[in-house]
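This report describes selected features of one protein model. Please read it alongside the sequence and the coordinates.

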Amino acid sequence: MAPLSTTRRPSSSITVAHDRVLLAVVARLSNSHCGTPPVHSSHRIFTSDRVLANTMYAKWAIIAYAIKVAHANVPNIPDFVPDLEPDLGDQPTSTIYPPIPSVSMTTQVTSVASPTASLGAILPSQVPLPPLQAWCPSKIFCPGAVLQTVNVANLWSDPKIFVDKPTVSDPQSVLAAFAPINSTNATEGSVLQFVDNNFGGEGFELEAEALFNFNADPPFLNKVKDPLPRAFAQIVHSYWTQLIRGTNSSTLCDGKKCESTFIPLNHTFVIPGGRFREQYYWDSFWITQGLIQSRLFDIVNDTLQNFMDEIESFGFIPNGGRRYYLNRSQPPVFVMMLANYIAASNDTAILDRALPLAKRELAWWSDNRSLNVTSPYTKKTYTLSRYAVSNSAPRPESYLTDYETANDPTLSTLNESERAELYSQLASGAETGWDYSTRFISLPLAGGTNYTTPALRSVNVKNHIPVDLNAILYKSNIILADFYMSGRCANRTIASKYRTAAANIRAGILDLFWDSSKLAFYDFNLTSNSRNSVLSAATFYPLWTGIIPDELISSTSNAFGFFSSINMVLRRFNGTYPPTFIESGLQWDSPNAWPPHQYIALEALRALPANVSSGAVPQPRTGQSAFALVPNGQLGLEEGALPGQIIRNGQNASSTGSGADINALDGTFVNGGNATTGEGWRDVLVRGLANRYFTSALCSWHATGGSISGLLPRLSDQQLNVSQSINNTGNMFEKFSIRDVDSSGRGGEYTVQAGFGWTNGVVLWVASTFGKQLVAPMCPDPLFAANDAGSTSNTGNSSSSSSGGGGSSSPKKSSALQINVAQCQLFGLALFATALQFLAV
Ligand SMILES: OC[C@H]1O[C@H](O[C@H]2O[C@H](CO)[C@@H](O)[C@H](O)[C@H]2O)[C@H](O)[C@@H](O)[C@@H]1O
């Protein structure tokens with residue numbers, strides 16, 4: 001094995017956090033068996049074995065339990081993950097709250113149609129069909145007469161429902177049944193009848209699976225000191241049992257007897273939840289980070305095997321596990337997932353299969369998504385990548401949305417090629433994972449100042465070179481170079497090829513995206529041939545993936561300046577960090593905050609070297625807010641243009657000056673954990689953001705019916721009624737709100753979903769990584785929040801079923817105090833709130 005030398009680094013700017021993963025992986029490569037048949041250390045359930053496996057599960061569970069009792073002090077899975085925190089091994093084993101929920105074997109739902117027009121009404125007239133899409137041959141589920149007619153009938157509020165329904169008979173019979181209603185006289189009722197007669201329930205091809213190796217009390221829980229966050233993390237850990245799926249081979253369509261959009265997978269997988277009933281690409285990064293904390297390495301392996309199967313079949317990893325996603329991918333995090341898995345499990349054998357396929361995936365991005373960009377700043381040219389999907393029709397899963405965006409009668413009429421280009425931009429927006437965000441729109445807006453539909457008309461993704469995508473590709477090239485440096489797979493020529501590609505991307509990122517005066521990374525806009533000026537959470541990706549500009553390494557005040565918007569968010573808002581600070585109605589904008597971004601911001605903070613991150617947190621001058629600590633121009637917005645923090649009755653806190661920082665407490669933030677002596681500014685921000693994330697996840701779960709026996713009583717029916725959660729047991733939402741910690745996020749083209757894979761993954765990772773700093777949050781009283789104009793979307797009924805698993809209620813005193821933080825502060829009671837918070841722990 002080649003010695004580990006510093007020469008593998010293109011510069012001194014590699015992150016500490018990721019070196020830990022890489023060093024662990026490289027050290028294990030000497031044990032890899034390049035060229036020998038792959039041996040998977042994990043347990044794999046093949047489709048044909050599943051029925052047998054499920055019937056044997058009870059028996060195995062009894063045996064496993066007996067073994068566990070006999071070896072009560074021996075963890076049943078070795079602890080391979082490099083420990084970032086000392087184990088609190090002397091703590092009592094945490095109690096199990098509540099009993100692990102049983103696995104529901106039902107994956108199929110049939111959404112009840114709710115047509116907006118009467119059944120006798122003639123369908124609205126249609127525009128001509130878009131061109132047939134070569135990548136999507138189905139005459140039923142791909143752009144064509146059936147898909148357009150069913151969408152125009154607008155039978156459900158979510159167009160994804162139709163394309164997730166398998167047919168109940170052969171495609172020819174379905175098309176024959178459609179022929180009579182393919183006319184200008186078709187009625188709502190005839191389309192509804194056609195769907196009812198010819199299509200089955202959504203999710204028919206999937207089955208819930210039992211979780212082998214499930215340890216209800218995984219070791220990482222001992223890292224969480226405070227009983228409430230620990231009990232909550234344990235419940236979230238138990239939710240894996242509800243999100244595990246496999247392909248039900250007995251219900252699969254063969255394309256002749258019936259047709260469906262589901263892509264069958266050979267291995268077990270975790271779904272996000274709600275309407276997302278298939279495996280998703282970039283969601284799986286955070287899902288697998290959570291599974292690693294839960295020591296469910298076999299499911300991580302299965303997830304990676306599924307992605308490898310897809311690379312083999314399609315040459316790339318599609319957006320998600322449906323055929324209508326086959327024209328696009330998502331942020332390419334496969335190689336990073338692979339490295340994390342090997343570092344945690346020691347399973348270097350996976351590289352035999354994974355390395356050639358990882359190479360193939362990177363080649364797909366290079367062949368299909370890269371271009372040369374010449375910097376207007378230095379005149380140097382770099383090969384970088386962008387999101388760019390070939391497509392000239394509405395996305396099948398969002399057909400009506402895209403159709404209406406393109407044919408909005410209140411906006412200018414598009415000609416055929418303009419419409420095709422719009423559809424291509426919209427599909428490219430879905431490929432970014434940020435569908436949709438003002439981050440990628442062209443200004444001025446096509447159609448005025450309204451951000452919603454006109455903003456979608458203005459999506460300009462293909463003309464952006466995104467900083468996040470290139471940071472991920474940089475890291476993937478570095479990881480592959482390291483994989484090829486050692487072990488039996490060693491090939492220095494290949495390693496050097498990846499290292500050169502990484503160096504090129506790194507140089508491009510620092511030239512095109514890095515603004516050394518504003519101390520932030522911005523996307524490069526090909527339309528204006530300059531950097532964008534509005535900050536987004538993408539600024540944190542380069543530090544996460546190991547690129548730290550010299551300006552940050554050499555100066556504490558610059559390093560703080562880079563992260564000062566996190567400080568601003570924690571002081572100004574109740575929640576966590578938004579994708580952008582623009583409120584648009586699009587879901588990847590304020591006021592939403594997404595779990596992956598909190599993870600990436602935390603990892604970026606951890607990547608800073610200690611010498612620039614240990615000073616005290618700078619304080620704003622009298623009369624100023626933390627906005628004044630953000631480098632001039634970094635946000636691209638004036639302070640008064642930032643989203644408001646609601647106080648009461650729809651009234652906002654002051655938008656400027658010291659009154660804006662209503663969540664600042666002496667030395668810390670409301671719901672930001674406990675200040676300790678000797679903390680540097682980085683520690684304060686990490687503690688604050690980690691606690692805030694837990695606050696959002698726990699308070700929104702509690703507000704929708706979650707409770708923990710002896711620790712967190714169930715809310716009253718009157719309080720639960722606010723979110724229509726009287727019959728609910730707690731939702732884990734896919735996104736949160738920056739200013740409403742007990743609420744889900746909102747906006748976008750579908751209703752907010754519960755489940756939720758990446759939310760749970762980040763909860764478990766935060767618990768495992770920052771467990772010592774987590775404290776019980778103060779959740780607002782929903783009855784008070786109900787008076788807020790903007791806080792009504794936190795409905796427990798937002799999605800089908802995937803969270804759940806609540807405990808029994810208890811009238812005992814809660815350690816999560818039901819006080820309203822904003823109200824306290826309004827009356828100058830911030831210190832009182834702090835005192836209560838300390839009492840609560
Ligand atoms: O159906 C609309 C869009 O839904 C997905 O996007 C959103 O959910 C995904 C799953 O959690 C997530 O990966 C993505 O970041 C979200 O914006 C889907 O990925 C899109 O392709 C789809 O058009």
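The sections below go from the overall fold to individual helices and then to the ligand.

## Overall architecture

The model is predicted. The protein has 841 residues, of which 57% count as buried. Its secondary structure comprises 27 helices and 16 strands. Among contacts between residues at least 6 apart in sequence, 79% link residues at least 24 apart.

## Helix α6

Helix α6 spans residues 188–198, and its buried residues are Glu188, Val191, Phe194 and Asn198. These residues lie on the same side of α6, because they cover an arc of only 130° around the axis. An α-helix has 3.6 residues a turn, so residues three or four places apart point the same way.

Asp196 and Asn197 are exposed, and they sit on the face of α6 turned away from its buried side. The buried residues of α6 pack against two helices, α3 (145–153) and α5 (171–178).

## Helix α5

In α5, the buried residues are Pro171, Val174 and Phe178. Viewed down the helix axis, the buried residues of α5 fall within an arc of 60°, and they therefore line one face of the helix. The other side of α5 carries the exposed residues Gln172 and Ala176.

Among the elements covering the buried residues of α5 are α3 and α6.

## The α11–α12 pair

Two packed helices are described by the angle between their axes and the distance between the axes. For helix α11 (residues 334–345) and helix α12 (residues 351–369), the axes come within 10 Å and cross at roughly 155°. An angle over 145 degrees counts as roughly antiparallel, and α11 and α12 are therefore roughly antiparallel to each other.

The contact brings Phe334, Val335 and Leu338 of α11 together with Ala354, Ala358 and Glu361 of α12. By class, the contact of α11 with α12 consists of five nonpolar residues, no polar residues and one charged residue.

## Ligand surroundings

The ligand is surrounded by 17 residues, and the closest are Pro272, Tyr280, Ala430, Gly433 and Asp435. By class, the shell around the ligand contains six nonpolar, four polar and seven charged residues.

How values were computed:
Residues are numbered from 1 along each chain as its sequence is written. This is a predicted model: local features need pLDDT of at least 70, side-chain atom pairs count only at pLDDT 80 or more; totals for chains, interfaces and linings use all residues. A residue is buried if 20 or more other C-beta atoms lie within 10 Å of its own, exposed if 12 or fewer, and partly exposed in between; C-beta atoms are placed from the backbone. Helices (H or I, at least four residues) and strands (E, at least two) are DSSP runs, numbered from the N terminus. The arc is that of the directions from the helix axis to the C-beta atoms. Two residues are in contact if their C-beta atoms, placed from the backbone, lie within 7 Å. A residue is near a molecule or strand if its C-beta atom, placed from the backbone, lies within 6 Å of it. Ala, Val, Leu, Ile, Met, Phe, Trp, Tyr, Cys and Pro count as nonpolar, Asp, Glu, Lys and Arg as charged, and the others, Gly among them, as polar. Axes are lines fitted to C-alpha atoms, for helices over the stretch in contact, and angles run from 0 to 180 degrees between N-to-C directions. Angles under 35 degrees count as roughly parallel, over 145 as roughly antiparallel, 65 to 115 as roughly perpendicular and the rest as oblique.
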